[in-house]
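Hello,

Here is the structure I promised to pass on. My notes follow below it.

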Amino acid sequence: MDYELERLLVNVLFILLPIFVFQMFWVDKDKVNTELNKPAFAIMLSISIILCMSFPIEFFPGFMFDLRQVPFIIGALYGGYYFSSWLFITIIAYRFFLGGEGVYVNFFVVSIISICVPLLFEWYKKIKLDKKILLSITIAVLSSIFTIFLSHFVSQNPIEYKTISFNYFIIQGLSMGLVVYLVETMKYNNLVRKELIKAEKMSILTQISASISHEVKNPITISQGFIEALEDEDNKEKRREYIGYALEELKRAQNIIYEFLALTKPELDSMKSINISQELFYSVNVMKPFAKSRSVQIEVEEIEDNCMILGDRQKIRQCFINLIKNSIEAMETGGVLRIKALKNSNKIHIDIVDNGVGMTPNEIKRLGTPYFTTKEKGTGLGMMIVFNFIKKMDGDIEIESQKGKGTHFKISFPLLKFQPQ
Ligand code: ADP
Ligand code: MG
């Protein structure tokens, strides 16, 4: 393969590599929103630029050509002036360091890109994928043509067919299109994943809300009975007692509603030190009405107090609720659900044990893959979310299950070093 083509292809690799790294370490770990306006993205692009510039082609002495403009234009399109100024400094500094006459041409072209391209930033966000690709390719090809002509002009080399590498225009354009396509797919996948998680949460909420509203009816009917009884009661002592009962029942109804509402709060996506014992108690309480509606008894054997972990409150609740809900649903004819949380020196171990339908080894293997469900109205997303969140909080999950006997979920999280006394 000729030398030019080889170098250009190496450049393409340098552009793609940071994008894959970014996908693996930031996007997959949900450390970035779909707008990609995070410094990590800018740093990846800077690395890409520096690598490209380290492997240029010198068409004529002092003038270096490489694909640095691709990550640069990407930065300007996706991050506006904030990114373009960052990357501008990177390119200029490194180019001056490398030296040669081409420095001035580079300065001129890069300045134009960093001023003009971010003007499209707002508009670019709104257009469709095919237009984005077309636009970015156009910018990339135009800027490469402009650079070549300017270099010839400055170096006073005559423009000859021989001295112009058409590979340069073509590869710059194609790699630009490819990168835009990859970035857009990355954003789209991330968005879909978030939507899925939201959809699963909504589906669980609607399923358990029926049992919760049913559960609220009870205390209200009881307090209604006491209030009605007040009418015919003259004894002051008795009246006070009735009022006490009625208030207590109303309070119970209020608590159920409050707990349910806390579940619907939007996620804040933040890792904090949280008391996991409290969250487990909370989740058990929220699920009690659902368990009751399915004749399942929840037995909390022991939950050790004040176990602090680093995690996200809403997410940990969603995990426990998904697990408890699955266990309850597995006990089709009722049963007992046992819950325990004990800590040892550096971990908290949580056990959720049911005596429901259980799973075959094959079913256990498929657990957590999206859309795997054996239920008529199942979504097959609950366990995927559980695995996902537990992993994110540095936890572990183990499953033991026997068909027809029941299932045992063992979850553990590293405890925070400084425990409150
Ligand atoms: P869904 O509950 O919507 O079916 P999940 O991802 O929560 O989706 O669960 C996937 C499947 O895993 C369930 O359909 C069920 O077959 C199986 N499963 C999960 N938990 C249990 C359990 N405790 N006992 C038996 N099977 C279970
Ligand atoms: Mg489920």
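The shell around ligand 1 divides into 8 nonpolar, 12 polar and 3 charged residues. Here Ala, Val, Leu, Ile, Met, Phe, Trp, Tyr, Cys and Pro count as nonpolar, Asp, Glu, Lys and Arg as charged, and the others, Gly among them, as polar. The shell has 23 residues, and Asn326, Ala330, Thr373, Gly378 and Gly382 come nearest. A residue is near a molecule if its C-beta atom, placed from the backbone, lies within 6 Å of it. Two elements give two or more residues to this shell: helix H10 (313-330) and helix H12 (382-392). H10 gives the most, with 4 residues. Helices (H or I, at least four residues) and strands (E, at least two) are DSSP runs, numbered from the N terminus.

A word on the source. This is a predicted model, in which local features need pLDDT of at least 70 and side-chain atom pairs count only at pLDDT 80 or more, while totals for chains, interfaces and linings use all residues. Residues are numbered from 1 along each chain as its sequence is written, and chains are lettered from A and ligands numbered from 1 in the order in which they are written.

Back to H10. Glutamine 314 lies in this helix. It counts as partly exposed because it has 19 C-beta neighbours inside 10 Å. The cut-offs are these: buried means 20 or more other C-beta atoms within 10 Å of the residue's own, exposed means 12 or fewer, and partly exposed is in between, with C-beta atoms placed from the backbone. The C-alpha atoms of glutamine 314 and methionine 186 are separated by 25 Å, and the two are 128 residues apart along the chain.

Met186 also belongs to a helix contact. In H7, Asn167, Tyr168, Ile171, Ser175, Val179, Leu182, Val183, Met186 and Asn190 meet residues of H1, including Leu8, Val12 and Ile15. Contact means C-beta atoms, placed from the backbone, within 7 Å. The contact residues divide into 12 nonpolar, 4 polar and 1 charged. The axes of H1 and H7 (residues 166-231) come within 10 Å and cross at roughly 10 degrees. H1 is therefore roughly parallel to H7. Axes are lines fitted to C-alpha atoms, for helices over the stretch in contact, and angles run from 0 to 180 degrees between N-to-C directions. Under 35 degrees counts as roughly parallel, over 145 as roughly antiparallel, 65 to 115 as roughly perpendicular and the rest as oblique.

Next, H2 (residues 39-54). Its 16 residues should span 22 Å at 1.5 Å a residue, and its end C-alpha atoms are 23 Å apart, which agrees. The expected span is 1.5 Å times one less than the number of residues. Among its buried residues are Phe41, Met44, Leu45 and Ile49. The buried residues of H2 pack against H1 (3-27) and H3 (69-98).

H6 (residues 129-155) has 27 residues and should span 39 Å; its end C-alpha atoms are 39 Å apart, which agrees. Its buried residues include Ser136, Ile139, Ala140 and Ser143. They pack against strand E2 (63-65), H3, helix H4 (102-116) and H7. Just after H6, glutamine 156 takes a positive phi of about 60 degrees.

Two loop residues to look at. Asparagine 306 has a positive phi of about 50 degrees although it is not a glycine. It lies between strand E4 (296-303) and strand E5 (308-311). Asparagine 306 counts as exposed, with 12 C-beta neighbours inside 10 Å. Aspartate 394, also not a glycine, has a positive phi of about 65 degrees. It is found in the loop between H12 and strand E8 (396-402).

Best wishes

Note on methods: Contact = placed C-beta atoms within 7 Å.
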